[in-house]
Amino acid sequence: MSTVENLKINKSGFQLTVDRWEILDEGIHVLMGASGSGKSTILKALMGFEQTPGLIWKMGDINLAALPIDKKNLGVVFQTWDLFPHMTAFENVQFAAKVRGISADEFQTRWSLISQQLKMTEFSNTISEQLSGGEKQRTALARAIIGKPRFLLLDEPFSALDADLRSEARLMLKEIVRSQKIPTLLVTHDLDDVKYLSDKVTQMADIASVVRLKK
Amino acid sequence: MFNTRVVLSVATLFLFISPFLILLSFFSFDQSLDIKELWWAVKNSFTQSALSAVICLFLGFVASLGLIKTQTKNPIIHAILIGLCLLPQFLPPLVVLVAIMNGLQPFPMGLSGIVIVHAFSYFGMTALLIENQSKNVLTQTLQSAQILGVSKFRYWWSIGLPLLRKDLVLIFTYLIAVFFTSFSIPLIVGGGKGTTLEVLIYEKVRFSTDWSSAVSLSFVQTAIIFILSFLALKGRTQFAKQNTSLQWLGSYTGVFLIILLMVGFLISYSSGVISGLQQIGNLSLYGNELIEAFLASLFLAFLTYSLFMGFLYLFCLMGLVYRPIDIFMSGYIAPSTALTCFALLILFPGDHLWSYIKIPLAFLLLGFPSLYRLGWGEKLKSLKNQIRIAQTMGAKPFEILKSITWPQMKSHSRFMSGLMATWACGDFAISRVLSTKDFTLGLIVESLLTSYRMGLASLLSFLLIIACGFCFSIVLGMDYVDRRKFKN
């Protein structure tokens, strides 16, 4: 288990507090809550994009919260995927590997494996702007895991997909997380995500308190 | 990453408040400000800006009906009309002035002249703003109104204009702010009776060397513009856009108006150029001066382009723009054009060669905040998540800039820098303040204009169009080559 402690965020007149929360360090841990409950804010805090003095995120001996953003070695997929539109699917993934310092040989090996698992070979040379929703989602996932991240953080990655594509995408995510053995935190409000993906579920209400601050 | 962002943010902030700091550090508020003179100048500024805005809004509204009419039915005509509407914005102000002064003889110098030129220069842009906002606001109600049998006039009177009221007020306020701070047009056609606040500031420094009064006047102007901008921040109406054509609401009257005004513009400009051709022999008096001026204008454009591109590149290095910087750039109001230029006069030596530094810098200080607000800032902010993802991957700031940010900002930046360079090429107002001699085409044309040598002014303004067109086409060419390389 990795442990999150002392997370306090003041934002837009609210204070969100998580005193202590244990996240699975293998499989898929789902954080569930209604829209606007602060799930994405918690995720951004773990990434390092929110001011959270005193936050501790212990994974083994390492306090990830104390590390700068680029040193945390996280894989991230946002709701809108945010691919680099001027690059092809392959180049998006290659860029991620390059900045992580993955050697060319290792990248080729990992790329062959991941692109097969995610069925990317057909569209890998297409400019990401021109990809379909499902293809973008798979490219974003490949980009997030190519660098062997310590943790995979997913912020409602299927919400922009049609229902039939979502099922296929969930299946792919489950397979790849298991095969790559990457601990994953998935934030969602979709019950089907919980049903088909979760190894453990946490409700926002169970871990977080939200207080309106006086002006 | 944190340090780079902080350093760049502080440097940007410092750059844009430096004109204020320089002026404040040298001069203090004048206790004995001539209130009568101030009131007279403010009255003139308000009168011309309000009248210009009213006429502009009226013409713009009528013209927008033409754009709406041709929106879906005649896309080619629609595109041509948009081009005509934007023509006065893209042409150097001197060309617009020459055309109008040729067409209206005797030209009414003073407030009337200012209003005429302002209204003509901005009616097209106003039409586009109204058309765009109509698409955002009116599509939801149109089909229901048509089903009910509402007439076009009734629709506009009872539904369209009330729904657009907020936006029209916003556009009106924006126009007033633009016209209030206008410098180049009142400088030439204002005459003695039409002295605006901006021109008074210029005269205080240039002729009376009364810097204290000039600074005081500048702060009064900044305060007025701040209040106007605050009113403008009330926001735009936004409903869910539907895929409904507004064509029914449009009118060919708008099309005729646009064509009439622009054909009139072209005819009066052409007649000036033709009359200038008859005096072409007089150009020999200038000798090599014209060629030097042509080259100097191009060189100035090149320096402005380079400075802008360099600055935009560094700004992009910031990556995620700090919210205070974003708010600052969105709300920043430059001190008056004249005083920004005078701040640069203080900062740099007076030798003529320094004009090649001062003029591009003045364009940066005066132009960048507008470009930021006109969409460049939004484009950069839209890359926020991509930059965040690259950061979590471990990419360094320069890596993010080189591989992620700049490839997506380059084209937009090039266009903006090209626009600035074109304006610098055709400029006379900023150059008039910052330079000691008529070394550019714009300055020569302005001198001819103010001495009523309309024929030669028209002819040389044509040369100015060629120079500006040459600048802009180089920028477009570079972009085209870049896109082809990217495609291959």
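This is a predicted model: local features need pLDDT of at least 70, side-chain atom pairs count only at pLDDT 80 or more; totals for chains, interfaces and linings use all residues.
Chain A contains seven helices and 10 strands. Its radius of gyration is 17 Å, close to the 17 Å given by the globule rule for 215 residues, so chain A is as compact as a globular protein of that length. The C-alpha trace spans about 55 × 35 × 30 Å along the principal axes of the chain. Of the 215 residues in chain A, 52% are buried. Contacts between residues at least 6 apart in sequence were also examined in this chain; 73% of them join residues at least 24 apart.

One sheet of chain A is open and antiparallel. Its five strands follow the order 5-4-1-2-10. Strand 5 (62–63) and strand 10 (208–212) of chain A stand at the edges. Each has a single partner strand, so one side of each is left without a neighbour in the sheet. Within this sheet, strand 1 (residues 2–11) and strand 2 (residues 14–23) of chain A run antiparallel and are joined by nine bridges. Leu7(A) has Val18(A), in strand 2 of chain A, as its bridge partner.

A further open sheet of chain A has parallel pairing. Here five strands are arranged in the order 6-7-8-3-9. Strand 6 (74–77) and strand 9 (200–203) of chain A are the edge strands, each pairing on one side only. From one strand to the next, the twist averages 20°. Strand 9 of chain A runs parallel to strand 3 (residues 28–32) of chain A, and four bridges join the two. Met32(A) stands opposite Gln203(A), which belongs to strand 9 of chain A.

Helix 1 (residues 39–47) of chain A lies across strands of both orders given above. In the antiparallel sheet, helix 1 of chain A lies across strand 1, strand 2, strand 4 (56–59) and strand 10 of chain A. Its direction is at about 110° to strand 1 of chain A. Helix 1 of chain A also lies across strand 3, strand 6, strand 7 (151–155) and strand 8 (184–188) of chain A. Relative to strand 8 of chain A, the helix runs at about 150°. Helix 4 (residues 133–145) of chain A lies across strand 6 and strand 7 of chain A. The angle of helix 4 to strand 6 of chain A is about 170°.

In chain B, helix 8 (residues 197–206) meets helix 13 (residues 337–347). The axes of these helices of chain B come within 8 Å and cross at roughly 30°. Helix 8 and helix 13 of chain B are therefore roughly parallel to each other, the angle falling under the 35 degrees required. Helix 8 of chain B contributes Glu198(B), Ile201(B), Tyr202(B), Val205(B) and Arg206(B) to the contact. Helix 13 of chain B contributes Thr337(B), Ala338(B), Leu339(B) and Phe342(B). The contact residues comprise six nonpolar, one polar and two charged.

Thr12(B) lies in helix 1 (residues 2–26) of chain B. Thr12(B) is buried, with a relative accessible area of 6%. Beyond residues up to four places away in sequence, Thr12(B) touches Phe311(B), Phe315(B), Met318(B) and Met329(B).

Leu371(B) is part of helix 14 (residues 355–381) of chain B. Leu371(B) is buried too, at a relative accessible area of 4%. With residues up to four places away in sequence left out, Leu371(B) touches Phe308(B), Trp376(B), Gly377(B), Met416(B) and Met420(B). Leu371(B) and Met416(B) are 45 residues apart along the chain, and their C-alpha atoms are separated by 7.1 Å.

Definitions and conventions. Residues are numbered from 1 along each chain as its sequence is written. Chains are lettered from A and ligands numbered from 1 in the order in which they are written. Side-chain values use heavy atoms; hydrogens and water are left out. Two strands pair if DSSP finds at least two bridges between them. Contact means heavy atoms within 4.5 Å. Axes are lines fitted to C-alpha atoms, for helices over the stretch in contact, and angles run from 0 to 180 degrees between N-to-C directions. Angles under 35 degrees count as roughly parallel, over 145 as roughly antiparallel, 65 to 115 as roughly perpendicular and the rest as oblique. Ala, Val, Leu, Ile, Met, Phe, Trp, Tyr, Cys and Pro count as nonpolar, Asp, Glu, Lys and Arg as charged, and the others, Gly among them, as polar. The radius of gyration is taken over C-alpha atoms; the globule rule is 2.2 Å times the number of residues to the power 0.38. Buried means under 20% relative accessible area, exposed over 50%, partly exposed in between (1.4 Å probe, protein chains only).
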